[in-house]
Amino acid sequence: MTVEATTRTSMVTGAEPQWWYRDLVSCLQSTFGSVLARAGADPLTVLGSGWRFLHRPGDVRSEEFYYPCPTDASREPDLGAALAPHHELHARWWQPADENDTWREVRDSLNDDRLVIAAVDNYHLPFRPAYGDVHAAHLVVIYGLDETRGLVHVCDAMPPAFRGTVPIEAFLRSWGSANPSDVQDAFFSDSQIGRRCLDVRLDAEPAPLTPELLGGFMRIDVEHFTTAGPGRTGLTGYDRFAAELLDRCRAGDAGALRELYPFGWAMQAQASLHGELVRRCGHEWDDPALAGAGRAVETVAHAWTGLRFTGAHGLADPRAVSSDIAHHLTVLRSAYARAVDAVGACAARL
């Protein structure tokens, strides 16, 4: 094992990574936020400039960090581009290539002064509330590796928030966990961790955000929402997603509600960040209508809460909650329509 055979220490330079967190984001946005902040970019500007709806049937995984990515047969999915469609953010998954040197890529990244985002199982991490109790897929940031003392330096902004060292053997158990099915967490267990990591790169410094630039982003996003495409995108994509979800609930398909929770979190987090950014810009630029548009998008994010949690509580009997699911789908659809109208009106004059 690497921990027994080497005496190397690898750390990024400078300050420890920042905690970047918002109430409605998952570990996906929080870890990307830490990487962006270290790169000198404002995480809210990069992660909140875009706002889309995309549902890919059969693609949802039981992981806190699931996020739908547009498909392109010529390229592997780019999670960074999906999270930040208006910036040069790119991310790809990788796994160690050499079982005899599991840490090689992590070591190389740290020595290149770059953070590593790693998938883990909370069950094996001493600082997580689920330690020794609940299996659940999660993301953390690695910013140091001390193979001499057998420690991994980890940053996790998600509550209760942690920044410090973890015994290397505990981290290896978490990083390589099978993350078996766990009745205590039906939404983020049963998904093998497989020592996955994310390589995240911001290839261009974000331009200063001006009304003209934000208006251009918003016009592209409104076109996305109002133009029907072949996939489940925009408002027509939402309608297809909602109709299928309701049909599956009425048929007693618990899998529909099991998928709703992680998928809904992805859409909820994105709406939350976009709404906050637009609202912030409205206040900074003394534009009440723009701030109001931001609040309208934030309403979409909060409407996802009712749908996701109704689905979670109805997992044991989907038919029994189908009428409540229908209600929350209607509330959410109305919120989307109002927000798209408000964003479109502002985008037209910016």
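Asp190 is placed in the loop that runs between α6 (168–175) and β8 (197–202); helices (H or I, at least four residues) and strands (E, at least two) are DSSP runs numbered from the N terminus. The model is predicted, so that local features need pLDDT of at least 70 and side-chain atom pairs count only at pLDDT 80 or more, while totals for chains, interfaces and linings use all residues. Residues are numbered from 1 along each chain as its sequence is written, and side-chain values use heavy atoms, with hydrogens and water left out.

Most residues other than glycine have a negative phi, and most peptide bonds are trans. Asp190, although not a glycine, has a positive phi of about 60 degrees. The residue is exposed, at 53% relative accessible area (buried is under 20%, exposed over 50%, partly exposed in between; 1.4 Å probe, protein chains only). Arg195 also lies in the loop between α6 and β8 and has a positive phi of about 50 degrees. With a relative accessibility of 19%, Arg195 counts as buried. A cis peptide bond, with omega about 10 degrees, joins Pro159 and Pro160. Pro160 belongs to the loop between β6 (151–156) and β7 (162–167).

The chain contains 11 helices and nine strands. Of its 350 residues, 58% count as buried. The C-alpha atoms fill a box of roughly 60 × 50 × 40 Å along the principal axes. Among contacts (heavy atoms within 4.5 Å) with a separation of 6 or more, 69% are between residues 24 or more positions apart.
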